[in-house]
Amino acid sequence: MTLSRRNLLATTAAVAAGTTAAAASAGTAQAAAAGHGGRRLRTGFERLADGGYAPLRGQKVGVVTNPTGITRDVRHIVDVMHADDRVDLTAVFGPEHGFRGTAQAGGSEGRYDDPATGLPVYDTYLKSGQPLADVFTASGVDTVVFDIQDVGARFYTYIWTLFDCMEAASLAGKRFVVLDRPNPVTGRAALGPVLHKEFATFVGRQPIAQAHGMTVAELALLFNGEFLTSPVPLETVTMSGWRRSEFYDAWGLPWVPPSPNMPTPECALVYSGTCLFEGTNLSEGRGTTRPFELLGAEGVDGGWAAAANELALPGVRFREAYFAPTFSKFQGKTVGGVQLHVHDRAAFDPVRTGVALLVTAKRTWDGFAWRSDNWIDKLTGSTRVRTMIDAGADTDEVVAGWEAELAAFRRTRRQYLLYR
């Protein structure tokens, strides 16, 4: 089945209309807080359950999810669906870190039977194309459902799990349903460089902006309309009550770390910029209680924070900081660096800030180096950021280098936005 862009959007509207917002799903009405002006946010799963799982009727269902796939009263959707005879849930598919979240970065849980439900759990991590399609075929499901909390950055791998699963479902002849959740750092704007296709990896499969400013349902429509050779039969169950300008804490939804080093929404706020330090010899704060908010290395002193503060970047200040990571870079060693303190979220630009920190780190610390594998190019999506900084470019010059491609992406992105 091939769906045009117009049909994709029409299907989304039909599913949204078919799911009612009369009560919170699975008995969570008492736990849900009223939103601004009487509005209340309901996630895609809440609306799916409110409508009696209508898009899944008569289907054997498998769910791609992780610990973030929860109800407002913090029950996992797999546990809720398994106990509800209105849906025939027969399999679970785990991404990086695993379905129950027991694995660290770069790991997964493998194939096992879930002790809580007895359901077979299949591993999707590092699988794509026909091998992943074979997993869906072996599971016996008719429909694959996706429900994972994203954090808004191109290099956060769950959106590429979404892409890979959509592609594999198309190859296997399966339906695909995406349950939407908020972008925790808002959906106001796309920011940063756009991936160049020759740099495609699991931290960026397709040419989207570094901070995409979309929800997972919107990304699914974009993937289907722009990037998949054979679009998958796709339905999206939208949220109700969400506005693009709102941060994650606006509606009182519980925060579950989507991965072990994404402990808070504050971490997600800076991640699309400071994750670039994974491509350097500085610590990006892994092994601390503030990953991606703390950055540093041995030999760095207060000069870095001073140089960063002199730029007067909007919405953020920098504190001279010292810390000792318990794992990852500089494990067990005390390093110096900076901590980001965002004081105005609406004004803060994480990608510009990340570039500014790279520029000032290189200028103030003579030990600065890129990772030998040029991982920074995979994160930024081309050689441009690295080579411009090496050539002495300042922050404004680097940012100006991606403005044309970002404008083009923003035009494409606009066609797939579902919310005001």
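**View 1. Surroundings of Leu 357.** Beyond its neighbours within four places in sequence, Leu 357 is in contact with Thr 274, Phe 277, Leu 295, Trp 304, Ala 308, Phe 318, Val 338 and Leu 340. Contact means heavy atoms within 4.5 Å. The model is predicted: local features need pLDDT of at least 70, side-chain atom pairs count only at pLDDT 80 or more, and totals for chains, interfaces and linings use all residues. Residues are numbered from 1 along each chain as its sequence is written, and side-chain values use heavy atoms, leaving out hydrogens and water.

**View 2. The largest nonpolar core.** This core has 105 residues. A nonpolar core is a set of buried Ala, Val, Leu, Ile, Met, Phe, Trp, Tyr and Cys residues joined through side-chain atoms within 4.5 Å; buried means under 20% relative accessible area with a 1.4 Å probe, protein chains only. Leu 162, Met 166, Phe 176, Val 178, Tyr 271, Trp 304 and Leu 357 have the most contacts inside it. Helix α5 (residues 158-172) gives the most to this core, with nine residues. Helices are DSSP runs of H or I, at least four residues, numbered from the N terminus.

**View 3. The second core.** A separate core of 21 residues includes Phe 45, Phe 99, Val 121 and Leu 179.

**View 4. Packing across the protein.** Buried residues make up 59% of the 420 residues. Of contacts between residues at least 6 apart in sequence, 74% join residues at least 24 apart. The C-alpha atoms fill a box of roughly 65 × 45 × 45 Å, taken along the principal axes.

Notes: Buried < 20%, exposed > 50% of the residue type's maximum accessible area, 1.4 Å probe, protein only. Helix = DSSP H or I, 4+ residues; strand = E, 2+ residues; numbered from the N terminus.
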